[in-house]
Amino acid sequence: IAGPGTNILLAITSAILLHFGTFTNPEDMSWLEVNLFNTILINCALAIFNMIPILPLDGGRALSSLLTGKIGDKYAQTECYGMIIVIGLLFLPPLLGLNFVMKSLLFINGMLINGILALAGH
């Protein structure tokens, strides 16, 4: 979980630095403030994406460490198909007109960003 944890820590650090900015709305943001906000967006998205419980992502590794016995062994064997599953989950639903995966990830990302900004005093 070190990767997503680092992403969250970087997002919090950027939000704290952004708190010292002077902007009141997005049109008034300086170059530094825009890039700090982009850092928050990107790091939150990376943290959420990496926590999808599919091997070889970090969420899959965390789930794998919690599973024991035959279930853990069977789950570990899915690692060779993990990236195919991830690509399928991200690209196949939009092609079929189903955007539930992307909408779910964007919803969670928005909640995380709002939480981090609230934590930093925005």
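## What counts as a patch

A nonpolar patch here joins side chains of Val, Leu, Ile, Met, Phe, Trp or Tyr within 5 Å of each other, using residues with over 30% relative accessible area and no salt bridge. Keep that in mind for the surface section below; the model itself is predicted.

## Overall fold

The chain is helical: six helices and zero strands, so the order of elements from the N terminus reads α-α-α-α-α-α. Its radius of gyration comes out at 17 Å, well over the 14 Å that the globule rule gives for 122 residues, so the chain is more spread out than a compact globule.

As for burial, 29% of the 122 residues count as buried.

## The nonpolar patch

On the surface, L92, L95, L96, L98 and F100 make up a nonpolar patch, and together they have about 560 Å² of accessible area. One of them, L92, sits in helix α5, which covers residues 82-95. L92 has a relative accessible area of 47%, so it is partly exposed and clears the 30% cut-off for patch residues.

## A buried glutamate

E33 belongs to helix α2, residues 31-50. It's a buried residue with no salt bridge, and the nearest side chain of opposite charge, K103, is 32 Å away. What E33 does have is a polar side-chain atom 2.8 Å from the backbone nitrogen of S30.

Methods: Residues are numbered from 1 along each chain as its sequence is written. This is a predicted model: local features need pLDDT of at least 70, side-chain atom pairs count only at pLDDT 80 or more; totals for chains, interfaces and linings use all residues. Side-chain values use heavy atoms; hydrogens and water are left out. Helices (H or I, at least four residues) and strands (E, at least two) are DSSP runs, numbered from the N terminus. Buried means under 20% relative accessible area, exposed over 50%, partly exposed in between (1.4 Å probe, protein chains only). Lys and Arg count as positive and Asp and Glu as negative; His and the chain ends are not counted. A salt bridge is a side-chain nitrogen of Lys or Arg within 4 Å of a carboxyl oxygen of Asp or Glu. A polar contact is a pair of N or O atoms within 3.5 Å; within protein, one must be able to donate a hydrogen and the other to accept it, and residues adjacent in sequence count only if both atoms are side-chain atoms. Patches are made of residues with over 30% relative accessible area and no salt bridge: like charges are joined within 9 Å, nonpolar side chains (Val, Leu, Ile, Met, Phe, Trp, Tyr) within 5 Å. Accessible areas come from the Shrake-Rupley method with a 1.4 Å probe; for residues, only the protein chains shown count as cover. The radius of gyration is taken over C-alpha atoms; the globule rule is 2.2 Å times the number of residues to the power 0.38.
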